Amino acid sequence: MIITKDLVKIYRGGVKALDRVDIRTPSEGIISFVGSNGAGKTTLMRILAGVLKPTSGYVEVAGVDVVREPQKIRERTSYMPQGSTPPGFSTPYQFITSYLMYRGFSYKEAREKALEVIRLFELENIMMRRCSELSYGTQQRVVASAVIASDADIMILDEPTSGLDPIARRRFWAALYSLKRRGKMILITSHNPEEIESISDYIIVMSRGNIVAQGDLKNLLRSIEFKRVIEIYSEDSFINIYEEKLKTDTVYRLRNMIVSYYKDEDQADKIVDQLSRDGLKIRIRPVSVTDLLLLRGDYLYEETD
Amino acid sequence: MRRLIRELRAITVLGLFNGYIPVKNNPLWIISFTLGPVSYLFLLYMIGRENIVEYAFIGGLVLSMSASAYGLLGDIIWYRNSLKIQDMFIVTPNSIYTYALGIALSSYIWALPSLAIFIIIGFLMSILRNIYVLGVIIGLTTILWINTALFTLYISRFIRSEKYVWPLVSIISLGLSVFPPVYYPVTILPRDMWMIALIPPTASSALLIESFSGMIDVENFYILYSIFNLAVQTMALAILHKRSLVLSE
């Protein structure tokens with residue numbers, strides 16, 4: 001279980017990354033943190049991992065007071081920092097094996113575990129190539145493999161799938177599921193709504209250092225009063241002229257995209273029909289948790305794939 | 001006890017990972033790293049012949065060790081800022097000190113081929129005359145490594161941007177190994193300057209090696225001063241380093 005109370009982090013220079021954050025999550029399963037860039041996700045992950053000191057407030061992870069006993073939480077945790085890659089001089093096999101041995105595995109165990117995750121993430125063909133020769137996505141897979149192979153009770157993964165292709169991403173989700181079944185607590189940050197909704201047991205939506213919403217997927221979606229979302233894309237700088245045709249008050253304009261929300265699904269379908277005749281590029285979709293960022297958060301919403 | 005063994009093993013694993021694997025995967029690194037100190041030795045031998053070759057030998061040993069330990073700065077910032085895997089190694093069952101010592105050990109491993117070459121040259125040129133002098137050299141270069149590695153680990157926390165790292169490494173490494181009395185004996189400086197000239201740990205180490213191997217003859221005061229200087233600096237850096245290794249703010 002993660003509990004935070006009035007958690008505040010102000011960096012030197014006065015940047016407030018977290019502002020009185022209160023969280024209470026289940027004790028196991030996959031807990032996702034979603035939010036636009038600068039929402040404070042990475043700061044929160046680093047505090048939960050025991051590597052960053054909060055300015056004030058209480059943090060508890062799996063029964064451990066993280067501020068008082070950071071080493072206790074670090075012992076039970078493995079952490080994949082955002083954008084982390086292995087050193088170019090090593091091979092994936094050397095990196096994963098060395099990381100596992102550093103954590104205390106014997107050479108034999110480390111070797112077996114490394115080969116297991118290498119097979120799982122289909123890294124066999126490149127396991128003896130230098131990491132500097134690999135693509136960014138593959139390098140990320142190598143780091144994620146090492147963290148997953150660590151078998152720690154708590155795994156903190158900060159945007160682990162941002163550089164992965166769709167197939168590698170699904171393999172990664174499958175690996176997380178199998179860890180979850182073994183009773184691990186997995187904390188993950190992501191920008192991908194599909195990822196968040198398909199793997200998470202508990203979702204925390206963050207915006208500008210605050211918690212906008214938290215709960216399981218069902219309850220979060222239920223808390224949104226809208227059912228459908230229409231997105232209009234246009235390079236036309238006068239994109240706002242279409243706003244009148246949308247017939248709803250809940251409209252957000254993001255660069256060359258308009259996002260509008262509807263409670264009535266039939267009404268949304270009719271509007272899509274009308275707008276399609278104007279030759280616009282339109283997408284209609286059900287509401288997702290990332291819509292909470294727009295509806296309750298701010299305009300720093302990120303366009304996701 | 002089990003924990004200590006685990007931590008010592010982790011230090012060795014990280015030391016070998018960052019110190020041995022790069023060299024194993026690309027042996028050119030050994031030549032690249034060793035060439036600097038050896039080329040100084042060659043140059044001084046060609047110009048000064050036997051007169052100053054002994055000092056060039058000591059200078060080469062000290063530069064090999066200190067350049068490697070100061071070069072650690074690049075690795076620390078690279079792991080922290082570019083690769084972003086420092087936190088990955090800190091969030092483990094090992095303490096933060098284990099990470100710091102593992103990275104520091106890698107710099108010692110980096111320096112080993114260069115030290116070995118110098119020791120062989122020393123025996124071939126009859127500068128190293130017995131095992132006692134060899135022991136003194138190994139002991140003093142190890143103390144120098146601890147001192148310079150602690151200094152590097154300490155200053156790394158103040159460096160935020162990678163663009164300062166490599167120029168700084170060169171400035172510190174050459175500034176503390178070539179200008180102070182490392183490649184030349186302190187005795188050629190005016191006596192009034194000796195105490196100041198011996199402040200850099202590289203100069204104190206060089207004086208002790210020169211003195212114990214019988215190359216120079218200085219009063220006991222300067223030997224004790226050099227030992228005291230190395231000890232105080234190393235302890236002060238260890239205390240500063242311990243204080244800096246709390247949770248990052």
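Reader: What does A:T91 touch, not counting residues up to four places away in sequence?
Author: A:T91 touches A:M127, A:M128, A:R129, A:R130, A:C131 and B:N25. Each counts as a contact because heavy atoms lie within 4.5 Å.

Reader: How do you know what to count?
Author: This is a predicted model, where local features need pLDDT of at least 70, side-chain atom pairs count only at pLDDT 80 or more, and totals for chains, interfaces and linings use all residues. Residues are numbered from 1 along each chain as its sequence is written, chains are lettered from A and ligands numbered from 1 in the order in which they are written, and side-chain values use heavy atoms, with hydrogens and water left out.

Reader: Why is A:T91 called buried?
Author: Its relative accessible area is 6%. Buried means under 20%, exposed over 50%, and partly exposed in between (1.4 Å probe, protein chains only). So A:T91 is buried.

Reader: Where does A:T91 lie?
Author: In the loop between β6 (77-80) and α3 (92-102) of chain A. Helices are DSSP runs of H or I with at least four residues, strands are runs of E with at least two, and both are numbered from the N terminus.

Reader: Is A:Q140 buried or exposed?
Author: Buried, because its relative accessibility is 0%. A:Q140 lies in helix α5 (residues 136-149) of chain A. Leaving aside neighbours within four places in sequence, A:Q140 is in contact with residues including A:M80, A:G83 and A:E159.

Reader: What makes A:E75 and B:R3 a salt bridge?
Author: Their closest N and O atoms are 3.1 Å apart. A salt bridge needs a side-chain nitrogen of Lys or Arg within 4 Å of a carboxyl oxygen of Asp or Glu. So the pair qualifies. The count between chain A and chain B is two salt bridges.

Reader: How many residues does the contact take from each chain?
Author: Chain A gives 41 residues and chain B gives 34. In chain A, A:R74, A:F89 and A:Y102 lose the most area to chain B, together 26% of what that side buries.

Methods
Buried area = accessible area lost by both parts, 1.4 Å probe.
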